[in-house]
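Hi,

Here is the structure I promised to pass on. Have a look at it first, and then read on for what turned up.

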Amino acid sequence: MTNLRMFLAVLAASTIGLAYDGDNFTQKFEALPQAVKDTAKAHMENAIPVSISSSQGEQGWRYQVNTRLNGKYHDLVIDDKGKLVAVKDETDLSALPDAAKEAIQKQASASKIMTLEKVTEGEQVSYGATIKDDASGAFAQVRVGADGTVKSKK
């Protein structure tokens, strides 16, 4: 009987914690600059909100509103003036243009592709992959253009 009570107490505490975390998104969203909120609302579609992060760079503050849409991530990157800088959508290899697919597969020849994303920045579309080297366990990131040109590798 004592174990059952302890289990129920832990379950109740976990449920309260999860409920509080759900409010955390709302609190963070409401704390965003109005222009950022307006842009996020206009581009969230039917997405489920997940989290918000921010970073300050040379160009000012950038906010990333992380959501899930149709079971995949759909992230919005918005600058502090409310301009939509980028949309990052989770994708799979079959959805990539052939040249981009071949370039990513070449970069991942002895590795496993962990994640793939389509990144839309204005009119520019690129594709990013997180790759895990099977031998060393190290992770790398690569971004290629639709034409297969490697844009960056970390």
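One term before anything else: a residue counts as buried under 20% relative accessible area, as exposed over 50%, and as partly exposed in between, using a 1.4 Å probe and protein chains only. Please keep in mind that this is a predicted model, where local features need pLDDT of at least 70 and side-chain atom pairs count only at pLDDT 80 or more, while totals for chains, interfaces and linings use all residues. Residues are numbered from 1 along each chain as its sequence is written, and side-chain values use heavy atoms, with hydrogens and water left out.

**The overall layout**

Starting at the N terminus, the order is α-α-β-β-β-β-α-β-β-β-β. Of its 154 residues, 30% count as buried.

**Helix α3**

Which residues of helix α3 (residues 98-107) are buried? They are A100, A103 and I104. These residues are on the same side of α3, because they cover an arc of only 95 degrees around the axis (the arc is taken from the directions from the helix axis to the C-beta atoms). In general, an α-helix has 3.6 residues a turn, so residues three or four places apart point the same way. On the face of α3 turned away from that buried side you will find the exposed residues D98, E102 and K106.

**Aromatic pairs**

The whole structure holds two aromatic pairs. To pair, rings of Phe, Tyr and Trp (its six-membered ring) need centres within 6.5 Å; planes under 30 degrees apart count as stacked, over 60 as edge-to-face and the rest as tilted. F25 and F29 have ring centres 5.9 Å apart and planes at 20 degrees, so this pair is stacked. Both sit in helix α1 (residues 2-31), four residues apart, which is about one turn of the helix. F25 is buried at 12% relative accessibility, and F29 is buried at 7%. The other pair, W61 and Y63, is stacked too, at 6.4 Å centre to centre with 20 degrees between the planes. Here W61 is partly exposed at 34%, whereas Y63 is buried at 13%.

**Salt bridges**

How many salt bridges are there? The count comes to seven, where a salt bridge is a side-chain nitrogen of Lys or Arg within 4 Å of a carboxyl oxygen of Asp or Glu. Three of them are worth a look:

- E30 and K37 meet at 3.5 Å, N to O. E30 is partly exposed at 47%, while K37 is buried at 8%.
- D80 and K81 meet at 3.7 Å, N to O. D80 is partly exposed at 25%, and K81 is exposed at 66%.
- R143 and E117 meet at 3.7 Å, N to O. This pair links distant parts of the chain, with R143 in strand β7 and E117 in strand β5, 26 residues apart. R143 is partly exposed at 21%, but E117 is buried at 15%.

A network of salt bridges links E117, E121 and R143.

**Pockets**

The pocket search ran on a 1 Å grid over the protein atoms alone: a pocket is an open set of points where a 1.4 Å probe fits, with protein on both sides within 12 Å along at least five of seven lines, and lining residues have an atom within 4 Å of a point. Points are joined across faces, edges and corners, and a volume is the space filled by probe spheres set on them.

The largest pocket holds about 250 Å³ of space. Its lining has 13 residues, and E117, G128, Q141, V142 and R143 are the closest to its centre. β5 (111-121), β6 (124-133) and β7 (139-145) each supply at least two lining residues.

The second largest pocket holds about 160 Å³. It is lined by 13 residues, with S55, R62, Q64, V77 and K88 nearest its centre. Here β1 (48-57), β2 (60-69), β4 (84-90) and β5 each supply at least two residues of the lining.

Enjoy exploring it!
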